[in-house]
Structure formats: C-alpha cells, structure tokens
Amino acid sequence: MTMKRSILLLPVLAVVLLAGCRQRPGMFVEQGILDFSVDTIFFDTLFTTFDSPTERVVVTNNTGENVRISEVRLERADEFDLIFDGIDADTIQDFELQDGDSAVAFVSFRSGVKDDFTRDRLLFRVGSETQDVDIEAYLFDAIFLQDTLLGGFGGPSVTGFAADKRYVIDGCLQVAEGHTLIIPAGTQIFFTPKKDENFNLISAIKVAGRLLVQGVPGNEPTFQQTRFGDRYEETPGQWLGILFARSAVSCEIRHALIKNGLIGVYQEFENTGVVPKVYLEGVEIRNMAGVGILSSSFLPNFTNYPQIRARNCLIHNCAEANLLIQGGGNCDFQHCTFANYTVDFSRRTSQVAVNNYLEVEENAFESYPAKVRFDNCIIWGSEEEEFVPDSFPVAGQYDVTLHNTIVRTTLELKGSNIITSQEFDFAKFEAPTEPEPDDRDYRLKGWSPAVNAGVPFPGIGTDKDGFARDGSPDLGCYEFRD
C-alpha cells in the first residue's frame, strides 16, 4: 500500500515543482528583448506650413515573461513629441508589459528647422539593456497658398514664383483673366489631397489668364502630391490637376513633370489667341487616376489655332486614358510618346480617343468638327486597340490623321506611313513589368522600328532630353543614342 501511495504522489509533486519554476502572475522581470513593428520611424517629407502627421511604432513582449520596461523616452526630445500607451510625457518609467501584450508609441514632429534633416531615437531600457527605434525626418520650407486668387483686383498683372522654391497649394490656386503666373525652372509645386463636401478633389491650378512654366531639360518644375513614402510616391489621384478655362490664352508648359493627380492637363472650349492656347514641350505626365491630357471643345466651328499643341511629350500610365479629346476641336501632337501598360491598374479602354459629338438626350446627338493630327508619334501599350477614332457620321466634321506614327491597333486609320502591329514589345522600348517608375524607360532600342522612321518637323531640332535630332528623326519623344 505504501508503494502505491508514493507512485500516485509523483505526478502531483511534478506539477507543484513546475509551478514553482514559472513566473507567478503579477511578477515582472527587468530583462528580455522586445519586438518592434519597425526599426525606423521615418517622416518622408514634411512642410513648415502645416502640421506633420503622427507616426507610430508597436512594441510587443514575446519574451515568455512579464517584463518591466524601466524607461521609455526620446533621446534628445527637442524636435519630436512622444505619447506612449496614452501617456504624454518626455519620460515614462517602470512600464509593465505582460507576456504577449503590446503597447503603442506615437511620435510627432514639431521642429522649426527648415530645409534640414534631423534624427532622434526612441529608447526602451529594460534593466541594464537598452533597445532603440531610429527616428528620421526632413522638413521642407515652403510657401503655403490656400484657396488663392492671383490678379483680378487691379494689382500687378504678373505673379512670378521663385526659382528653386517649394509651394504648397491647398484648394484651388486661380489665375485670373488677364493675369500671368510664371513658374521658373526648378520650382516644386505640391498639392494637398483636399476635397469638397462631396469628396471631390479640389487642389488644383485653374488658369483663366496665362500660365508660363519655364523648365529646361535637367531642371524641370514638378507638380505632385504632398504625401510621400512608398505608399504615395507613385500613387494616382492625390490632387485634381492643371485646368485651363475658356478665357485662358497663350499658355506654355515647358519641360515639367506632372504626376499623381486626377487629370494632368485639362483645357475647355475655344482658343481666343493667335498661338496655341496650351503649348506643351518636353512635358512628362504620369500616374493620373483619370486622364493625362483632356481637351473638351463642343464648338460649332474650328478655332484658328490649336487648343493644345504638344511636342516631345511623354504621357504614360494613366488609368482611364493618356489622351482624350471630346467634342471635337483643333489639336496637334508632334514627336510624342503615349505609352500605357496595365501593370499596377486595370484598364479595358484605349489610351488615345478622339470623339466629336455629345449625346444631348437619349438617342439625340450633336456633332462638332474635329481636326486632330499626330506626326512622328508612338501610341503603344498593353491593349490590342490603343487608338479609338470615335466620329459622328456627319460629312466633313472629322479630320483625324496620323503621319509617320507607330500605333497598336487593328483598325485602318487615316494618314500616311502608319506602322501597326500586335506584337507586345513591337515599339522596342522597355515595356514595364513592374509599377516602379525606374522600370518605365521609353527610350528606344537600336532595333526599334521607330528609329529613323520620322520626317523632320519644323521647329523641332531636339528631343525631350535636349539632344539633337538628325535628318531622319526617330519617332516619339526620344531620339535614339548609342
């Protein structure tokens, strides 16, 4: 009987001994390595003119024991603020974190430094050991323009932005009729994602007068969003666009980058000037959630000069279309590359479309004259039909021609020396397979059918990069170079 009793007591004794080796609830040790959701809190780009975002890091205790964090603090605490687990203090001491639990540290940037890079560290001391999370930020000095009207009150007739300066546009920046806005080379324009009560994007430049963007190859003004980091750097639809109203006249955008908006360039109605209403040269438009270039005419007669003339331009990666001309009008394009590949968005529409009518009511249409010409261009992408001539059957009202142009289509198009194919990489540039912009290089390969396929065009002696074109120029915005 005694022997049996001893054997039965062994499992009970083992349970008691094991329990004695485990940490009792409520007991915390000052040792262990914590886990962090990130190793660096990075504020990509901030502006002095409005509040910075708040970034966070999650700290988790996966040590197997309850841990007492002796101290949580910012190392310098002169340019950042800390809130840890709801506690707003420069230093938090003796914070207890049970095994398997997490706490959140919120860090915000409050520095007044301008155009400078700054660092700090978020420190977690457990016993004699200290772990840290790096904090990095760069603060831009910028001029803030909120719902601003330039001109219109009898003041100066010209506003000039400063070269190599940054401007933040929150809402609509309007250029009044009769007023000129000049944006020199190197200027950076940032647009907030501001929306109206119907959640429509409204941060934009709206030109009723004149806009002159004076970039040069290698020092292009930029028009883009205020938010940065991997999530936003190449994301469409973060601001509205550059809009040219009915009264806009003699506008020019030379050698600029316009990206990540809804509509890159939008012009409406007639041209009242004696030169193109909107002249684009060496402009890159990319990552539009809607349309790269949108022209709306709806006029009963041609204007004497084009509403839009584009030369050596690159328009690519726009979700709805790279170019949409609606309601007819007068536009022409020379040495432009239109490229659209459905790498990071879905698309079932052609990237270039020209129509000349409006459905005013069900089965009732109005027709408008269209005069659109493409010379020495490339229109290529991932869809079998990348060009749609969409005309209303009224004689003499639809004149859309292509000359010395490569286009991916199965249609018979009007013009001369139109090169077509259904081979995916027929144009022979780097057709992108990834969404990164570095993968989108539309410079020609030496064996491209676009090389030497053009004819000299008056007034175009260089390509988008400023390199000379020869007597047999290449199609598109880039001249091939060995």
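This report describes selected strands, a pocket and several individual residues of a predicted model.

## Basis of the model

The model is predicted, so local features need pLDDT of at least 70 and side-chain atom pairs count only at pLDDT 80 or more, while totals for chains, interfaces and linings use all residues. Residues are numbered from 1 along each chain as its sequence is written, and side-chain values use heavy atoms, with hydrogens and water left out.

## Strands and their pairing

Strands of a sheet pair through backbone hydrogen bonds, in either a parallel or an antiparallel sense. Strands here are DSSP runs (E, at least two residues), numbered from the N terminus. Two strands pair if DSSP finds at least two bridges between them. An open sheet of 5 strands has the order 1-3-8-5-6, and its pairing is antiparallel. Its edge strands, each of which pairs on one side only, are strand 1 (35-36) and strand 6 (87-88). Within this order, strand 5 (residues 80-84) and strand 8 (residues 102-109) are joined by 5 bridges in the antiparallel sense. Phe-84 stands opposite Ala-105 in strand 8.

Parallel pairing also occurs. Strand 15 (residues 188-191) runs parallel to strand 18 (residues 222-225), with 4 bridges between them. Ile-189 has Phe-223 of strand 18 as its bridge partner. Strand 18 also pairs in the parallel sense with strand 21 (residues 257-259), over 2 bridges. There, the bridge partner of Phe-223 is Ile-258 in strand 21.

## The second largest pocket

Rolling a probe the size of a water molecule over the atoms shows where empty space is left. On a 1 Å grid over the protein atoms alone, a pocket is an open set of points where a 1.4 Å probe fits, with protein on both sides within 12 Å along at least five of seven lines; lining residues have an atom within 4 Å of a point. Grid points are joined across faces, edges and corners, and a volume is the space filled by probe spheres set on the points. The second largest pocket has a volume of about 200 Å³.

Strand 29 (329-334), strand 34 (370-375) and strand 37 (398-407) are the elements that give two or more residues to the lining of this pocket. Strand 29 supplies the largest share, 4 residues. The lining residues include Asn-330, Cys-331, Lys-371, Arg-373, Asp-399 and Phe-457. By class, the lining has 4 nonpolar, 4 polar and 4 charged residues. In this classification, Ala, Val, Leu, Ile, Met, Phe, Trp, Tyr, Cys and Pro count as nonpolar, Asp, Glu, Lys and Arg as charged, and the others, Gly among them, as polar.

## Buried residues and cysteines

A residue is buried under 20% relative accessible area, exposed over 50%, and partly exposed in between (1.4 Å probe, protein chains only). Arg-286 lies in strand 24 (residues 284-286) and is buried, with a relative accessible area of 10%. The side chain of Arg-286 makes a polar contact with the side chain of Glu-284 (2.9 Å). A polar contact is a pair of N or O atoms within 3.5 Å; within protein, one must be able to donate a hydrogen and the other to accept it, and residues adjacent in sequence count only if both atoms are side-chain atoms.

How many disulfides does a search of the whole structure find? The search finds 0 disulfides, a disulfide being a pair of cysteine sulfur atoms within 2.5 Å. For Cys-313, the closest cysteine sulfur is that of Cys-336, at 4.6 Å, which is too far for a bond. Cys-313 is buried, at 1% relative accessibility.

## Residues with positive phi

Most residues other than glycine have a negative phi. Phe-298, although not a glycine, has a positive phi of about 55 degrees. Phe-298 lies in the loop between strand 25 (291-296) and strand 26 (308-311), and is partly exposed, with a relative accessible area of 25%.

Asn-317 also has a positive phi, near 60 degrees. Asn-317 is in the loop between strand 27 (314-316) and strand 28 (321-326). At 3% relative accessibility, Asn-317 counts as buried.

## Residues separated along the chain

Ala-427, in the segment after strand 38 (415-420), is buried with a relative accessible area of 0%. Ala-427 and Ile-378 are 49 residues apart along the chain, and their C-alpha atoms are separated by 7.8 Å.

Glu-96 belongs to strand 7 (residues 91-97) and is partly exposed at 40% relative accessibility. Glu-96 and Glu-30 are 66 residues apart in sequence, and 9.5 Å apart in space from C-alpha to C-alpha.
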